[in-house]
Every structure is written in structure tokens, then in C-alpha cells.
Amino acid sequence: MAGDLREGRIVIVGASLAGLRAAETLRDEGFTGSLTVVGDESCPPYDRPPLSKQVLLGQVAADTTGLPMRRNPEAEWRLGVRATGLDPMRKRVLLADGDALPYDRLLIATGTRARPWPHPEEAALDGVFTLRTRDDAAGLAERLAAGPRRVLVIGAGFTGSEIASACRERGLDVTVTERGPAPLVGALGGTLAKLAAAMQRNHGVDLRCGVTVTALRGDSSGRFTGADLSDGSRVEADVCVVALGAVRNVEWLADSGLAAGPRGIACDAGCRAFTMYGIVTDDVFVAGDVSRFPHPLFGYQMLSLEHWGNAVAQAEVAAHNMVSPGPLRRPHLALPTFWSSQFGLNIKSVGVPTFSDQVVIAQGSLETRRLAMVYGYQGRVTAAVTVDMAKSLEYYQHLIETAAPFPPASGAADRPLAAEIPVPSDVPDPKGLSHGPTVALTGYLPDRRLTMVQPAG
């Protein structure tokens with residue numbers, strides 16, 4: 001059986017980081033069959049983290065962010081063509097150019113796209129951007145280099161905050177609007193969000209929280225000129241960046257029978273996709289930002305992650321399982337990890353900060369802007385976030401993996417933790433935010449009505 005699994009036809013939909021790493025791993029695992037990678041962008045897979053950092057600062061060109069190949073996956077690359085449908089009965093992926101690709105096993109790694117501004121006419125104004133693709137970053141970097149009088153950033157999640165940081169580093173005036181109470185609050189909770197707000201304001205950001213943008217305005221020639229806010233004020237600006245989070249690319253699977261919805265495609269810990277009836281498939285696998293998978297350390301809740309490290313780790317597990325018989329398959333149980341660089345701070349996290357009810361500062365302090373914060377849920381450690389203290393993260397990762405009690409005992413802590421009283425983690429409902437968390441516990445999602453049809457006779 002193992003020999004059979006290393007032959008045949010595998011199609012990967014998504015010429016992404018996850019898609020590339022899966023293709024390489026398939027060959028490393030001895031797959032000798034035909035391998036086809038489909039991507040809707042015309043360029044090979046590239047690295048996204050530099051787009052909101054080095055590219056916007058003008059340090060590197062957007063078209064130099066291509067991902068290095070660890071090995072040649074000897075694949076047929078179908079770039080610049082979208083997948084428009086999946087026929088699971090005939091095992092075919094339908095493409096926008098009318099072609100249909102047959103497969104024996106399929107990996108879905110279609111990732112996410114930027115959530116657009118909801119009013120198309122306003123979104124089409126010259127000077128209004130989103131930031132997700134290489135072309136997005138190239139266009140925005142060019143506009144920032146031209147020296148606009150002010151940049152408006154809508155949404156203070158990680159992407160919006162990194163864009164604002166790049167603008168200030170370029171010496172540009174920037175206004176950030178956030179529907180929630182503070183930047184990054186949806187990802188890190190209230191305590192660290194206060195530090196994030198202070199850092200933005202200390203660096204000259206005009207930060208407006210608790211407000212929404214009600215309209216984008218343009219002049220008679222279609223150029224963006226400013227925005228109206230819900231508090232009645234107006235921001236005059238030349239450039240607007242809409243940073244309202246991500247949309248998972250699942251629409252093409254609407255008629256596939258898979259458990260695909262707004263929060264991604266549900267799969268088991270072995271990356272096998274579920275059908276809408278909760279039955280696991282054995283020929284369709286999922287990896288990367290588009291997946292939702294259960295994790296035992298977080299109550300077997302379904303996790304949706306938008307993390308570089310998760311895309312790599314999950315792609316490698318999916319590829320291994322696609323060519324391995326059942327007893328040799330392995331689970332994807334990697335802990336979520338994330339990092340961000342903004343306003344001179346290096347923020348790193350491990351675990352799921354939103355899966356918490358209390359936090360405690362174990363090292364450093366908010367005042368010094370150098371600290372390690374530990375998150376707990378019902379008496380055990382579930383996450384840690386460091387600010388300019390990344391070397392401590394490995395210690396806290398071990399606490400999470402071993403379900404250590406919360407608050408943690410002395411170890412990496414530089415003070416007796418008995419003196420530190422845990423406080424509520426203050427994680428808001430994502431519905432009240434402009435930005436969403438990069439790690440989301442999606443739980444049960446009743447987004448479909450199921451009609452059971454009994455066979456006749």
C-alpha cells in the first residue's frame with residue numbers, strides 16, 4: 001500500500017508558502033507520481049511578512065520576495081489561473097480557463113485574501129489600498145515613497161499596526177482608526193493592547209479608537225481625499241490602507257460538499273478535510289491559513305491560524321500523510337507561534353492568547369516596555385507573549401506543552417510571582433473590532449442547515 005501512495009496524481013491548489021513546502025515534502029517523502037500546483041497569481045510563491053515591513057520601507061523591492069526552493073519539486077506549475085470548483089465524485093479540480101485537473105489526492109492551500117472595503121465605488125478611488133499580495137505592496141510602497149501628506153490606516157491589528165509603523169519610520173503623518181478599544185486587543189488582550197496604544201502615540205501616530213470610518217471621500221477625478229468617521233470628524237489624507245483582516249479563499253468549494261465556511265475548511269489533526277456532515281475524507285487534505293483543525297491543548301477547539309510557521313509545519317504533516325498508510329500518519333500538533341516588529345518593539349507569542357481568562361506579567365514590566373506576559377485558562381498556562389524578551393519564550397512554550405498550572409511557578413520569572421496578582425486577560429468579542437485575531441478559536445460554526453435525505457426503499 002505504501003508504494004501505491006507514492007504514485008498517482010496529486011494536485012495542490014494554492015501556489016503559496018504552504019503549497020510550495022508541501023510539494024517539496026512530497027518529493028522528500030518519495031512521491032514519484034505527477035504533481036501539479038495551481039495558483040491564481042502569475043508569479044511563483046513568495047514570502048509575505050516582508051511586504052508590510054521591508055517592502056513598505058523601500059529596503060527591498062516587492063518582486064525580490066520570492067521563496068527559495070529547498071529542492072526542485074518537479075511539479076507542473078499552473079500559475080495565473082484560479083480554481084473555480086471541485087468535483088469530488090469524479091476527482092477533478094475545475095479551473096477558470098475551462099480545464100479540469102484529475103487527481104488521486106488533493107491538497108487545498110488557498111490561504112486568505114485581504115478583506116476589501118465594503119463599498120466598491122469608494123474602494124476603487126485612486127489612493128485606496130489593501131495589503132496582501134506582492135502587487136499590493138509594490139503599489140503602496142511607490143505611493144508612500146512619493147511622500148503623501150497623510151496616510152489613513154483603517155484597522156489596528158498586526159498588519160495595520162505594521163503599516164503605521166512603516167509610515168512613521170518614513171517620516172509620514174499617519175492616522176489609525178480602530179473600532180475596538182486599542183490596537184492588537186483582539187490578538188493580545190487588554191493589558192498589552194494598552195502598551196501598543198502608548199507606543200503608537202509616542203511615535204506620533206494619530207490613533208483613534210472606538211470609532212469607525214463611515215465613508216471614504218474622493219475628488220472629481222476619482223482621487224482619495226479623506227474619510228468621514230463615526231464621531232463626526234473627518235480625516236484629510238492622500239492614501240488609505242484598508243487593514244480589516246482576512247477572508248479565507250473557500251468560495252470555489254461551495255458545491256463540493258466539504259465543511260468549508262467563512263472561517264476556513266475543517267480538517268482533522270492529520271489534515272484530512274471533513275465533509276459538511278462531519279465525515280473525514282481520505283483523499284482531500286488541507287494546510288495553511290485556510291484550514292481549521294482541532295488541538296488537544298486548547299480543548300480540541302478548531303483553530304484558525306494566519307501564521308507563517310503554521311503554514312510550513314502543517315504543509316509538511318499534510319504531505320507526509322498524503323503518501324503514508326494510516327499507522328504511519330502523524331498529527332499536526334505544533335503550537336501556534338507568531339512575531340511582529342513595530343515601533344521599535346519585537347513582539348513574539350506562543351500558544352493562543354485569546355484562549356485565556358487571566359494574565360500575569362512574569363518578567364519585566366509595562367513601564368520598561370520589555371516583558372513576558374503569561375496567559376492562563378481555568379488554572380493552566382495557555383499562551384505567552386514577549387516584548388523585546390524573545391529568549392524567554394522557549395521556557396513558556398514548555399509550560400504550555402506540559403499544561404503547567406497557572407499562574408506559573410518561578411523559573412524564567414525575575415520576581416516572586418506570588419507578588420503578582422493575575423488580572424483578567426480582557427479579550428474582547430471579535431465582532432466589536434476592526435481587526436481580528438491571527439489565532440482564532442472557531443469552535444462549532446452553525447453556518448449550514450443540514451437536510452438529511454433518506455434513500456428510497
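Asp104 is partly exposed, with a relative accessible area of 28%. Partly exposed lies between buried (under 20% relative accessible area) and exposed (over 50%), for a 1.4 Å probe and protein chains only. This is a predicted model: local features need pLDDT of at least 70, side-chain atom pairs count only at pLDDT 80 or more, and totals for chains, interfaces and linings use all residues. Residues are numbered from 1 along each chain as its sequence is written, and side-chain values use heavy atoms, leaving out hydrogens and water.

Asp104 pairs with Arg9 in a salt bridge. That term means a side-chain nitrogen of Lys or Arg within 4 Å of a carboxyl oxygen of Asp or Glu. Asp104 sits in the loop between strand 6 (100-102) and strand 7 (105-108), and Arg9 in strand 1 (residues 9-13), so the pair ties together parts 95 residues apart in sequence. Helices (H or I, at least four residues) and strands (E, at least two) are DSSP runs, numbered from the N terminus.

The whole structure holds 25 salt bridges. Three are listed here.

| Salt bridge | Closest N to O |
|---|---|
| Asp104 and Arg9 | 3.6 Å |
| Arg149 and Asp238 | 2.7 Å |

Now to helix 9 (residues 393-401). Its buried residues are Leu393, Tyr396, Leu399 and Ile400. Seen down the helix axis, they fall within an arc of 115°, so they line one face of helix 9. The arc is taken from the directions from the helix axis to the C-beta atoms. Just after helix 9, Ala403 takes a positive phi of about 50°.
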